[in-house]
Amino acid sequence: MDLAQKPPYSTVDFKALAKADPDFKKTWQACAGKLDFQDPANLEALSKAILKVDFSIHLSLPSNRLCPPIPNRWNYVSWIQGLLDSTSPTYSNKYEPEREVIGLDIGTGASGIYAMLCMKSRPKWTMCATDVDKTSFESAAANFAKNNLLSRAKILQTTPSMALIPLEGLGTQQLDFTLCNPPFFVDAAEMEKSLSGEGKATGPNAVCTGSNNEMICPGGDLGFVTRIVEESLVLCEKVTWYSSMLGKLSSAKAIVELLKSHGVTNWAVGVLEPGTKTGTKRWVVAWSFGDLRPRNHIARHAGASFPHELLPFPTSYKIPLPSSITGVAACEKLNDQLAALDLRWEWDATTSVGVGTASDNVWGRAYRRAYERRKREGHVEMRDDAVARKTKLAFRITVVQLASEITLEWLRGNDQVMWESLCGCVHRWFKQT
């Protein structure tokens, strides 16, 4: 399987894993096909086997540091890849093998797992990694070296007083994304309560092998990610996408509320399902000060429990075609209508997909009248001049002939009203009569 496009885990086939990895086979046979997820040795054997078989990654860990459950980690990385792929400046909406990306894993941990998964699956990606703990930092560096990834990594041991996103210390001026698996608990008492299953319908899925510095910080996950938000308000577009995992739904909600209170209008939320009994459901929030808009299935993939009012504005709009209009006729009408407007429009007849960029609400009645008047007077600029104007809205339109519908996608822009206006305009062109 192409790692660059490997899907998220929904489950793990333990029997197939035992056939593929001799070391895990011994563990599987010793427990008679029933893994004890409260046994740290079983968890480590499982994580190492998944990494070796699925990613060709070889992992070493200190006995007193967190052994990462891999499915949840990969699902976060996969979500980030989808976020980056769907917000490419080229509007390609797909994996671009030659696209160079640089990311930062905040608090990489002893495994360095997120950075290694990113680099192994995307050959053109470079990863920065930080950690305040000397043991974890040295272990992560050793794992990068062991897997021949050190040349594509920038690692920095930080201190508690340093910024969480230390661009200067990392020797870089720009990042494409950050990811983070923050400490989840406020103090040892909260951690003990959670790990014992107190107040929950069921006990914990698996034993926790993390050290206190990996699991505890002032304010817990909300406090830690709030620091990232505060730094992002200063750095702004020096990072294209900021993101973090969150251990509690309440924390994810609070982060979105915080972003909205600071006027951030471009964010995405996702839910990370565990994939195995060793994992726990987590949430992920990402935000950007840029105007590239992620696809709906990425940005609004937060599960039914996430409040609708905290989801970002939809970036997709579907229009059913009237029974009187065929797919071919819809393509012709759509192309003719948009080609006549004062915008940049590129139509691919073989795929029935077009991409447009506009500097204004050029489909509005007032603008169209003024545009026609300028054309009559000979004052209309050449079409290529429209490219030089600032893009206020970029969009993709697809005629899905088998489904007899048109799909509009918001690719770029900060003007929600302008996006809604375009959707309304196209809808009127195909209104049932």
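This is a predicted model: local features need pLDDT of at least 70, side-chain atom pairs count only at pLDDT 80 or more; totals for chains, interfaces and linings use all residues.
Local features were taken only at pLDDT of at least 70 and side-chain atom pairs only at pLDDT 80 or more, while totals for chains, interfaces and linings use all residues. Residues are numbered from 1 along each chain as its sequence is written, and side-chain values use heavy atoms, with hydrogens and water left out.

Secondary structure elements are DSSP runs numbered from the N terminus, with helices (H or I) of at least four residues and strands (E) of at least two. Arg-65 is located in the loop that links helix H3 (40-55) to helix H4 (70-85). Its relative accessibility is 9%, so Arg-65 is classed as buried (under 20% relative accessible area, with exposed over 50% and partly exposed in between; 1.4 Å probe, protein chains only). The side chain of Arg-65 forms a polar contact of 3.3 Å with that of Ser-136; such a contact is a pair of N or O atoms within 3.5 Å, where within protein one must be able to donate a hydrogen and the other to accept it, and residues adjacent in sequence count only if both atoms are side-chain atoms. Ser-78, which lies in helix H4, is likewise buried, at 11% relative accessibility. Apart from neighbours within four places in sequence, Ser-78 is in contact (heavy atoms within 4.5 Å) with Lys-6, Pro-7 and Pro-8.

An open, antiparallel sheet is built from 5 strands in the order E9-E13-E12-E11-E10, where pairing requires at least two DSSP bridges between two strands. Strands E9 (316-320) and E10 (344-348) form the edges, each pairing on one side only. From one strand to the next, the twist averages 15 degrees. The antiparallel pairing of E10 with strand E11 (residues 353-358) extends over 5 bridges, and Val-355 of E11 is the bridge partner of Glu-346. Helix H13 (residues 327-339) lies across E10 and strand E12 (393-400) and runs at about 160 degrees to E12; axes are lines fitted to C-alpha atoms, for helices over the stretch in contact, and angles run from 0 to 180 degrees between N-to-C directions.

Helices H10 (residues 220-235) and H11 (residues 249-261) pack at about 25 degrees, with their axes 10 Å apart. H10 and H11 are therefore roughly parallel (angles under 35 degrees). The contact involves Asp-221, Leu-222, Val-225, Thr-226 and Val-229 of H10, together with Ser-251, Ala-254, Ile-255, Leu-258 and Leu-259 of H11.

Key: Angles under 35 degrees count as roughly parallel, over 145 as roughly antiparallel, 65 to 115 as roughly perpendicular and the rest as oblique.
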